Amino acid sequence: MELKLSCPQCKNKQKRVLSWPLGTVVCESCQKPVLEHSTEALLNQKRIDQCPICGAAHLYRRKDFNQRLGILLVVVGVALAYFTYGVSLLIVTLIDFFLVRRVKEVGVCYQCQAEFRNSELVNSLNPFDLELFDYYRNLRERLP
Ligand SMILES: [Zn+2]
Ligand SMILES: [Zn+2]
């Protein structure tokens, strides 16, 4: 599993590759353990039932799709529509469709925004929930 996180201690952003059995993973920069909230289910490679980095009980999955690229595609499609009699719109729609279908899922922690990739475990997470997202955003804003 690929993990993108920012260290809870020193906030250093880093990408780590996890493999099982899961040993102690330390921060690249401050050498402190970063997976202090690993659960039994995660250690047994069964489920991500809470974020191993911050301990939040909620994570979501979404398509690992570059949204800026998606928007750029639409803009180009619309800009060229006049010259191509609309064919460019059709092409853009097709590219979009195939990109989204091929794209894998990424798991994201609502609280610390850690990202989990390339693992079966990601597929069992719940889809994005705006209420939970707002809840955690409010929590973050209240913290000093
Ligand atoms: Zn660190
Ligand atoms: Zn987290």
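Reader: Which residue takes a positive phi in the hairpin of β1 and β2?
Author: That's Lys11, with phi near 70°. The hairpin has six residues between its strands. Keep in mind that this is a predicted model.
Reader: And how many bridges join β1 to β2?
Author: Five, and the two strands run antiparallel. Lys4 stands opposite Lys15 of β2.
Reader: What about β1 and β5, parallel or antiparallel?
Author: Antiparallel, over three bridges. Glu2 has Arg117 in β5 as its bridge partner.
Reader: Which side chains of β1 are buried?
Author: Leu3 and Leu5, which point to one face.
Reader: OK, the core. Which residues touch the most other members of the largest nonpolar one?
Author: Leu5, Ile53, Leu59, Cys109, Ala114 and Phe116, out of 18 residues in that core. β1 and β4 (105–109) are the elements giving two or more residues to this core, and β4 gives the most, with three.
Reader: What is Ala114 in contact with, leaving aside its neighbours within four places in sequence?
Author: Leu3, Lys4, Leu5, Cys51, Ile53 and Cys109.
Reader: Switching to helix α3: how many of its residues are buried?
Author: One of 16, so α3 lies largely in the open.
Reader: And how far apart are its end C-alpha atoms?
Author: They're 23 Å apart. At 1.5 Å a residue, the 16 residues of α3 (87–102) should span 22 Å, so the two values agree.

Methods: Residues are numbered from 1 along each chain as its sequence is written. Chains are lettered from A and ligands numbered from 1 in the order in which they are written. This is a predicted model: local features need pLDDT of at least 70, side-chain atom pairs count only at pLDDT 80 or more; totals for chains, interfaces and linings use all residues. A nonpolar core is a set of buried Ala, Val, Leu, Ile, Met, Phe, Trp, Tyr and Cys residues joined through C-beta atoms within 7 Å. A residue is buried if 20 or more other C-beta atoms lie within 10 Å of its own, exposed if 12 or fewer, and partly exposed in between; C-beta atoms are placed from the backbone. Helices (H or I, at least four residues) and strands (E, at least two) are DSSP runs, numbered from the N terminus. Two residues are in contact if their C-beta atoms, placed from the backbone, lie within 7 Å. The expected span of a helix is 1.5 Å times one less than its number of residues. Two strands pair if DSSP finds at least two bridges between them.
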